[in-house]
Amino acid sequence: MWLFSVGIAIVIFVFSSQPASESGKVSGGVTIRILNLLPQLKTMPEHHKIEIAEKLEPFIRKCAHFSLYASLGFCLAAALFLSGARLGKSVGYSYGMGTLYAASDELHQFFVPGRSAQVSDVFLDSVGVIAGCLVLWVLIKILGKRGNIYVQKIHKTHD
C-alpha cells in the first residue's frame with residue numbers, strides 16, 4: 001500500500017505541474033469523453049457538447065481533486081494499518097499527511113504558469129482524504145465483524 005500511496009502522490013504532482021493551458025485541455029478532454037458516454041448526447045452537435053463541457057469542467061476538476069485525494073487517504077490509512085498502527089491512529093495520521101500534501105501541492109501550483117494556490121482546494125482535498133480513510137474504516141469494521149482472519153490477526157497483535 002505504501003507503493004500505491006507514493007504512486008498517487010506522484011500522479012497528483014504531475015497533474016499539478018501542468019501549466020493552466022495544458023491542464024485545461026486535459027480536463028476538457030475528460031469532460032467531453034464523459035459527455036460522449038451519455039446516449040442522449042451522442043447525436044448532439046459538437047458545439048453544444050463543447051458549451052456543456054465548459055460549464056461542467058470546473059465540477060469535473062473538483063471531482064478529480066476529491067477522487068485522487070480520497071484514493072491517497074485510503075492507501076495511506078491502509079498502509080499504516082497494515083504496518084501495525086491501530087485503525088484510529090492510521091486514519092488520524094493519514095488525514096494529517098494527506099492534508100499536508102494537499103497544502104504543499106497548492107503551494108507547488110502557485111509556481112506553475114497560469115495556476116494558483118487556493119485554500120478551497122486544500123479543503124476539498126482534505127475532505128477527499130478523510131472520505132478515503134472512512135471507506136477503509138468501514139471496510140475493516142465490516143470485515144472484522146464477518147470474521148476475516150487477516151483483520152482479526154492484526155487487531156489481536158496490536159490491541
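Student: Which helix gives the largest share of the lining of the largest pocket?
Tutor: Bear in mind that this is a predicted model. Four helices, H1, H2, H3 and H4 (87-110), each supply at least two residues of that lining. The largest share, eight residues, comes from H3.

Student: How much space lies in that largest pocket, and which residues are closest to its centre?
Tutor: The space comes to about 550 Å³. The lining is made up of 25 residues. The closest to the centre are Ser-23, Arg-61, Ala-64, His-65 and Arg-115.

Student: Let's look at H2. How far apart are its end C-alpha atoms, and what span should we expect?
Tutor: Helix H2 covers residues 20-37, which makes 18 residues. At 1.5 Å a residue, H2 should span 26 Å. The end C-alpha atoms agree with that, as they are 26 Å apart.

Student: Which residues of H2 are buried, and what do they pack against?
Tutor: The buried ones are Ser-23, Ser-27, Gly-28, Thr-31, Ile-32 and Leu-35. They cover an arc of only 165° around the axis, so they sit on the same side of H2. What these buried residues pack against is helix H3 (46-82).

Student: And which exposed residues are on the face of H2 turned away from the buried side?
Tutor: Exposed here takes a relative accessible area over 50%. On the face turned away from the buried side of H2, the exposed residues are Lys-25, Arg-33 and Leu-37.

Student: Is Ser-5 buried or exposed, and which residues is it in contact with?
Tutor: Ser-5 belongs to helix H1 (residues 2-17). Its relative accessible area is 4%, and the cut-off for buried is under 20%, so Ser-5 is buried. Setting aside neighbours within four places in sequence, its contacts are Leu-72, Cys-75 and Leu-76.

Methods
Residues are numbered from 1 along each chain as its sequence is written. This is a predicted model: local features need pLDDT of at least 70, side-chain atom pairs count only at pLDDT 80 or more; totals for chains, interfaces and linings use all residues. Side-chain values use heavy atoms; hydrogens and water are left out. The expected span of a helix is 1.5 Å times one less than its number of residues. Buried means under 20% relative accessible area, exposed over 50%, partly exposed in between (1.4 Å probe, protein chains only). The arc is that of the directions from the helix axis to the C-beta atoms. Contact means heavy atoms within 4.5 Å. On a 1 Å grid over the protein atoms alone, a cavity is a set of points where a 1.4 Å probe fits but cannot get out, and a pocket is an open set with protein on both sides within 12 Å along at least five of seven lines; lining residues have an atom within 4 Å of a point. Grid points are joined across faces, edges and corners, and a volume is the space filled by probe spheres set on the points.
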